[in-house]
Amino acid sequence: MFLISKDYWEVRETKEKGRGVFAKKGIAAGTVVGDYLGRVIKTAEYDLDRDKEGLYLMYLTDEASIYPDLKKPGLHLFNHSCEPNCWIHTYEGHTLFFALRKIEPGEELTISYLFAPEDGTKPTAHVCKCGSKKCSGTMHLSKEKYEAWQEQQAREKKKAGVVRFTFGKNLPRLKSYPKRIESGDYAAFSSSVASSATGASASASGSASSA
Ligand SMILES: [Zn+2]
């Protein structure tokens, strides 16, 4: 579900990645773009082979994942990028997408799919065609970035406490949403913030942004 109004985004065909979501107007850094809603299903029961065209499952916990309504436009249409301009913030058991930096009109809104690292012995299972200068050719994260992300997730989950999910039901929308997420907290993941953002404070401490 989008949390920005319809005049800020549109769904268009991309050249190589199927459909994508594009900004129609500028979107400020930190803006909460949407909430990944759908049916709560058991993570272990999901058959990954069912989705030949795209991976729409949103992992919540080892037990619960979200499967979106594919008939409606939603956050499942965000394509992966090695230099995404959006990122994930876990909030009260929900998965919010927010703008990591200012997004210009016409830009595609992208996210990292945050796939676990591969061991490199086989060709990647998920070829990336994001077209960014830093494209690694795969949607799987490096070991360093993945570990940094796991740590961040653990912190966010601790803050949220225990969240109960009802399997087989749609995840209901929250009563209220944060308007902004401090993208500075995510500097470790956003080499893109330092390299391509216009006027963002580019000195993002650099600790984990070696990529
Ligand atoms: Zn890429």
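C86 touches V33, F78, F97, F98, A99, L100, L109, T110 and I111, leaving out residues up to four places away in sequence. Touching, or being in contact, here means that two C-beta atoms, placed from the backbone, lie within 7 Å. The model is a predicted one, so to speak plainly: local features need pLDDT of at least 70, side-chain atom pairs count only at pLDDT 80 or more, and totals for chains, interfaces and linings use all residues. Residue numbers start from 1 along each chain as its sequence is written.

Along with W87, F97, F98, A99 and L109, C86 is among the residues with the most contacts inside the largest nonpolar core, which has 33 residues. A nonpolar core is a set of buried Ala, Val, Leu, Ile, Met, Phe, Trp, Tyr and Cys residues joined through C-beta atoms within 7 Å. Buried means that 20 or more other C-beta atoms lie within 10 Å of a residue's own; exposed means 12 or fewer, and partly exposed is in between.

Strands (E, at least two residues) and helices (H or I, at least four) are DSSP runs, numbered from the N terminus.

| Strand | Residues |
|---|---|
| β2 | 19–23 |
| β3 | 32–35 |
| β8 | 86–91 |
| β9 | 94–99 |
| β10 | 108–111 |

Of these, β9 gives the most, with four residues.

β9 turns up again in an open sheet of three strands, in the order β3-β9-β8, with antiparallel pairing. Strands count as paired if DSSP finds at least two bridges between them. The edge strands, β3 and β8, each pair on one side only. Between β3 and β9 there are three bridges, in the antiparallel sense. D35, for instance, has L96 in β9 as its bridge partner.

Now for a spot in a loop. T43 sits between β4 (39–42) and β5 (58–59). Is T43 buried or partly exposed? T43 counts as partly exposed because it has 15 C-beta neighbours inside 10 Å. Neighbours within four places in sequence aside, T43 is in contact with Y59, D62, E63, A64 and S65. D62 is 19 residues from T43 in sequence, yet their C-alpha atoms are 6.2 Å apart.

Zooming out, the protein has two helices and ten strands, running β-β-β-β-β-β-β-β-β-β-α-α from the N terminus. Of its 211 residues, 31% count as buried.
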